[in-house]
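Visitor: I'd like to talk through the aromatic rings in this one. Could you put the structure up?

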Amino acid sequence: GFPPYNIRKDGDYNYVIELALAGMTKDDLEVEVVDGVLCGRTVGKKDEEGVELLHRGISFRQFNRKWTLLDDIVVNEAKMENGMLNIKLERVIPEEKKPRLVKIK
């Protein structure tokens with residue numbers, strides 16, 4: 001499974017998917033949501049013409065990773081920073097579905 005990733009909870013209703021993508025930039029990536037499926041993938045191919053590498057330890061690997069989202073999950077943001085792609089998700093629960101205390105008379 002490339003790329004390695006974490007899914008972490010960030011508060012009661014927020015989540016972050018963290019993908020480790022060393023050597024890639026935001027221009028190499030695409031994040032799309034279609035019919036409740038979140039997809040992160042590479043676009044194009046890394047062009048390294050004119051670059052003489054003495055050792056290749058960081059490879060540019062194509063990937064297409066998908067996650068099925070619940071109906072109440074919204075993708076708020078995708079941000080590439082320090083080799084990590086962070087995709088921020090939020091669970092939007094209508095007021096009538098949130099837990100509430102009922103007063104006893």
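Visitor: Is Trp67 buried or exposed?
Guide: This is a predicted model, where local features need pLDDT of at least 70, side-chain atom pairs count only at pLDDT 80 or more, and totals for chains, interfaces and linings use all residues. Residues are numbered from 1 along each chain as its sequence is written, and side-chain values use heavy atoms, leaving out hydrogens and water. Buried means under 20% relative accessible area, exposed over 50%, and partly exposed in between (1.4 Å probe, protein chains only). Trp67 comes in at 10% relative accessibility, so Trp67 counts as buried.

Visitor: How many aromatic pairs are there?
Guide: Rings of Phe, Tyr and Trp (its six-membered ring) pair if their centres lie within 6.5 Å; planes under 30 degrees apart are stacked, over 60 edge-to-face, the rest tilted. Searching the whole structure on that basis gives two.

Visitor: What kind of pair do Phe2 and Phe63 make?
Guide: Phe2 is partly exposed at 25% relative accessible area, while Phe63 is buried at 8%. Their ring centres are 6.0 Å apart and the planes sit at 75°, so the pair is edge-to-face.

Visitor: And what about the rings of Tyr5 and Trp67?
Guide: Tyr5 counts as partly exposed, at 34% relative accessibility. With centres 5.3 Å apart and planes at 85°, the Tyr5 and Trp67 pair is edge-to-face.

Visitor: How many residues apart are Tyr5 and Trp67?
Guide: Tyr5 is in strand β1 and Trp67 in strand β5; strands (E, at least two residues) are DSSP runs, numbered from the N terminus. This pair links distant parts of the chain, 62 residues apart.

Conventions. Helix = DSSP H or I, 4+ residues; strand = E, 2+ residues; numbered from the N terminus.
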